[in-house]
Amino acid sequence: MSKKAENEEVVLDDAALKAVTDAVVAGLGDTIKEQVSDAVKAAVPAEPLANKNVSTTKKGEGEDEDEDGEHANDDAETKALRKLDAKRRFMRAAIAVTKGDQGTLSKLNAIALENTEKAGYANSETNADGKYIVADPEFEAEIEKLANDYGVAFSEADVRPINSNSIKTNKRGSNVTMYETGQGAKKKGTKLTIQQILVELRKFAAIAVATDELVEDSAIDFWAEVTQGFAEERARIADELVFIDDGGTLYNTSGVGTGILETDGVATETVGSAITDITWDDLMNAEAKVPTASAKNGKHYMHRTVWNIVRQNKDAEERYQLPLNAALQTPWGTPVVLVDVLPASNAGQANAGYTVFGDLKRVKLYVKKGLVLTESKDATVTDADEEEVNLYEQDMSALRAVTRMVALVKFPEAFCVIGTGTVS
């Protein structure tokens, strides 16, 4: 097929469409004719949009692209016709298969690949999916980002690496008790009780897919950026497991391994109907509601917007009770830690927790093998648009990230949650 023929205009009216359908069905076995006929009806509208010519001029030949890789000058009807044209090429390819015409099939496949929307995987032809990081003559080789700050759980909780997919952990149920007695008197018996908890690790994973052209042409280390993104996601998940996981709707349905806000047995302090009423007194009361062992190394954990309300508390003469240049701490010196996964002040949650006080070392975060990364160029994977991609056939690579972890609030009474209403 010549260059001119390859770019020629394609017209397919109702009669031609029926002829294509009949030819495809006639060339296939009787057992699947009905399935093919149904597929054709689903793929091509019963009433063609218009019997107008659809140009197959390749992008870049005299026409600009918009930011989504479409023809910038096309109206909605023309864009729809282009998509219909792609379906017509599929019909022509099907006829080529039945007739054994490999030459026509190869050329049609080449055109189809050039015009396929690339949105479910990283590539160098769609701006947001990678084109921006392929070097131009003047190019800043950096991806700037303003992401939430995660990682409190990994830095403050008791992180325990393990090798299995579950862990049995023991805690003391009740302590021994001594009683006052007299000389020669009968002594009372006592015993220490032990409780055991079985916790199953939970698995989190994702696969990032990119074309080889993007990886080769990128002015930055593309996979290093993806790896950093996976690490940030892992830190976010750990924070959510420790603080807000409800054991049901957030990640799993087991009811095991809930976050501090959702764990039965934690102490509570209410501020009233709205979190905007929170005061320094509420924080002080929370400290008094946990055992001394936890309060001694305790910290207040809250979203930055809630902290902004607390720190604006003023005395009777409208003076800030905490100096504006003070560190993240209460006026009496208890540290405050900002946690982006905790509810913001505008969350509007009734009868719900917002902040946490206690020693986060009392939370166990069990982790298996850290973040496990696996690269592949041969597998068939599903991209971000739920479409299957054959990495070997389509010149692509994929990076799979897997992490296994679970959080356990072994001693709920070591924490106090400040919230609204009944704080349930």
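Guide: Two strands are said to pair if DSSP finds at least two bridges between them, where strands (E, at least two residues) and helices (H or I, at least four) are DSSP runs numbered from the N terminus. The model above is predicted, so local features need pLDDT of at least 70 and side-chain atom pairs count only at pLDDT 80 or more, while totals for chains, interfaces and linings use all residues. Residues are numbered from 1 along each chain as its sequence is written, and side-chain values use heavy atoms, leaving out hydrogens and water.

Visitor: How do you know that β4 and β12 pair?

Guide: Strand β12, residues 396–409, meets β4 in the antiparallel sense over 10 bridges, and since the rule asks for at least two bridges, the two strands pair. F204, for example, has T403 of β12 as its bridge partner.

Visitor: What makes β1 and β4 edge strands?

Guide: The open sheet runs in the order β1-β9-β12-β4, with mixed pairing among its four strands. Both β1 (158–162) and β4 (202–211) pair on one side only, and that is what the name of edge strand records.

Visitor: Why is D340 called buried?

Guide: Its relative accessibility is 17%, and buried means under 20%, whereas over 50% is exposed and anything in between is partly exposed (1.4 Å probe, protein chains only), so D340 counts as buried. This residue sits in the loop between β7 (336–338) and β8 (353–358).

Visitor: What makes the link between D340 and R304 a polar contact?

Guide: The side chains of D340 and R304 are joined at 2.8 Å, and the rule asks for a pair of N or O atoms within 3.5 Å, one able to donate a hydrogen and the other to accept it within protein, with sequence neighbours counted only if both atoms belong to side chains. The distance therefore falls inside the limit, and this is a polar contact.

Visitor: Why is the pair of W280 and W307 called edge-to-face?

Guide: Rings of Phe, Tyr and Trp (its six-membered ring) pair if their centres lie within 6.5 Å, and planes under 30 degrees apart count as stacked, over 60 as edge-to-face and the rest as tilted. The centres of W280 and W307 are 5.9 Å apart with planes at 75°, so the pair is edge-to-face. W280 belongs to helix α9 (residues 280–288) and W307 to helix α11 (residues 304–310), 27 residues apart. Both tryptophans are buried, and together with W332 they form one aromatic cluster.
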